[in-house]
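The following exercises concern one predicted model. Please study the sequence and the structure before reading each solution.

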Amino acid sequence: MTAPSREHLQERFRYWCGKLRLTPGWDVRLEWVDDPHWPKTGDFKIDCTDRKAVLLLNAANPRQENLEEDIVHELMHLKLYPLDQVTESLIVSQFEEGTPARSFAYRQFFESLEVTVEELTKCFLLEFGEDKELSFGRCAGMKSFNDLFDGLNNLE
C-alpha cells in the first residue's frame, strides 16, 4: 500500500478536527516537518490564550505506519489539554522541584495520559477512521519478552 499524500492527510486532519469537535472552538493548523532527524512522528505547539494550535507531522521519517492514527493521537492531546494543564499545575504546586515524589507524580501522570490518549485514539480510529490498521512502529525498537528477562537471577 502506498503512503497517503499530504493533501489526503490534510483532508483527514480537517475531518478529525470536526469529528472531535475541536473546530470551530480552536484554530488548528497542520504543518509538515521535513527534517529526517526529527525524533517524533507528531507533536503540537499550543497557544491556549488565543486558542490556536499547530500539529507538527513528520513527513521525512515518521515512526508510525499509519499517519491518520498519529493525527488522531495528537488531536486527542489537544482535546485533553485542559485536563493535562490542571494536572500538571497540581503536581507543580504540591511537590517540590527535584524531589523523587515530584518525579514519580510526573512519570505516573504522563504515562497515564499517553495510555489514555492511545486508547481513545484506537477507539475513534477503529470506529470512524479511513485507515483502521493500527501502527506497530514503536514495537520495532522495543526489547522482546525474552530479552527483558535475560540475565535476571533465578529466584529459586
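**Exercise 1.** Against which elements do the buried residues of helix 1 pack?

Solution. Residues are numbered from 1 along each chain as its sequence is written. In this predicted model, local features need pLDDT of at least 70, side-chain atom pairs count only at pLDDT 80 or more, totals for chains, interfaces and linings use all residues, and side-chain values use heavy atoms, without hydrogens and water.

Step 1. Identify its buried residues (under 20% relative accessible area, 1.4 Å probe, protein chains only): L9, R12, F13, W16 and C17. They lie on the same side of helix 1, because they cover an arc of only 140° around the axis, taken from the directions from the helix axis to the C-beta atoms.

Step 2. These buried residues pack against strand 1, strand 3, helix 2 (67-79) and helix 4 (100-128); contact means heavy atoms within 4.5 Å.

**Exercise 2.** Determine the strand order of the open sheet and its edge strands.

Solution. Step 1. The three strands have the order 1-3-2, with mixed pairing; two strands pair if DSSP finds at least two bridges between them.

Step 1. Strand 1 (27-33) and strand 2 (42-47) are the edge strands, as each pairs on one side only.

Step 2. Strand 1 pairs with strand 3 (residues 52-58) in the parallel sense over seven bridges. W32 stands opposite L57 in strand 3.

Terms used
Helices (H or I, at least four residues) and strands (E, at least two) are DSSP runs, numbered from the N terminus. Buried means under 20% relative accessible area, exposed over 50%, partly exposed in between (1.4 Å probe, protein chains only).
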